[in-house]
Amino acid sequence: FNAFVTSYPDSAQVGSARYWHGETYLAQKKYHHALQEFDVVIRDFPRSDKAPSALLKKAFAYRDLGQSGQACGALRDVTQKYKGSREARLAQGELSRANCR
């Protein structure tokens, strides 16, 4: 994914590449790296179809790091910023399971 971003920095697919790079870090349990990639997607590609998923996955990374406050905050952000989306529905379920207040 880094090679793609480096080779094609102006591509419309850079946001997706950064998202999938974050996913690979998440799968490897490299949560801090995953958070950095998801932050890039959210900040630099807010209109990308991957932005809602990046915010949701950011919540999962925080959860897995044991940072429940940040996880709950990110889940709430998903439900507010992306109302009606699949990610918002998943976040709402996670809010209930995580006992977020």
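Predicted model: local features only at pLDDT ≥ 70, side-chain atom pairs only at ≥ 80, totals over all residues.

Me: What kind of pair do Y19 and F38 form?
Reply: A tilted one, with 5.7 Å from centre to centre and 45 degrees between the planes. Y19 is in helix 2 and F38 is in helix 3, so the pair ties together parts that are 19 residues apart in sequence.

Me: And is F38 buried or exposed?
Reply: F38 is buried, at 0% relative accessibility. Y19 is buried too, at 4%, while W20 is partly exposed at 39%. Ring pairs link Y19, W20 and F38 into a cluster.

Me: OK, new topic. How many salt bridges does the whole structure have?
Reply: A search finds 8 salt bridges. One of them joins E23 and K57, with the closest N and O atoms 2.5 Å apart.

Me: Where do E23 and K57 lie?
Reply: E23 lies in helix 2 and K57 in helix 4, so their pair ties together parts that are 34 residues apart in sequence. E23 is buried, with a relative accessible area of 15%.

Me: What about D44, which residue does it form a salt bridge with?
Reply: That's R43, with the closest N and O atoms 2.9 Å apart. R43 is exposed at 55%, and D44 is partly exposed at 41%.

Me: Which residues are linked in a network of salt bridges?
Reply: R63, D64, E94 and R97 are.

Methods
Residues numbered from 1 in each chain as written. Heavy atoms only, no water. Buried < 20%, exposed > 50% of the residue type's maximum accessible area, 1.4 Å probe, protein only. Phe/Tyr/Trp six-rings, centres within 6.5 Å; stacked < 30°, edge-to-face > 60°. Helix = DSSP H or I, 4+ residues; strand = E, 2+ residues; numbered from the N terminus. Salt bridge = Lys/Arg side-chain N within 4 Å of Asp/Glu carboxyl O.
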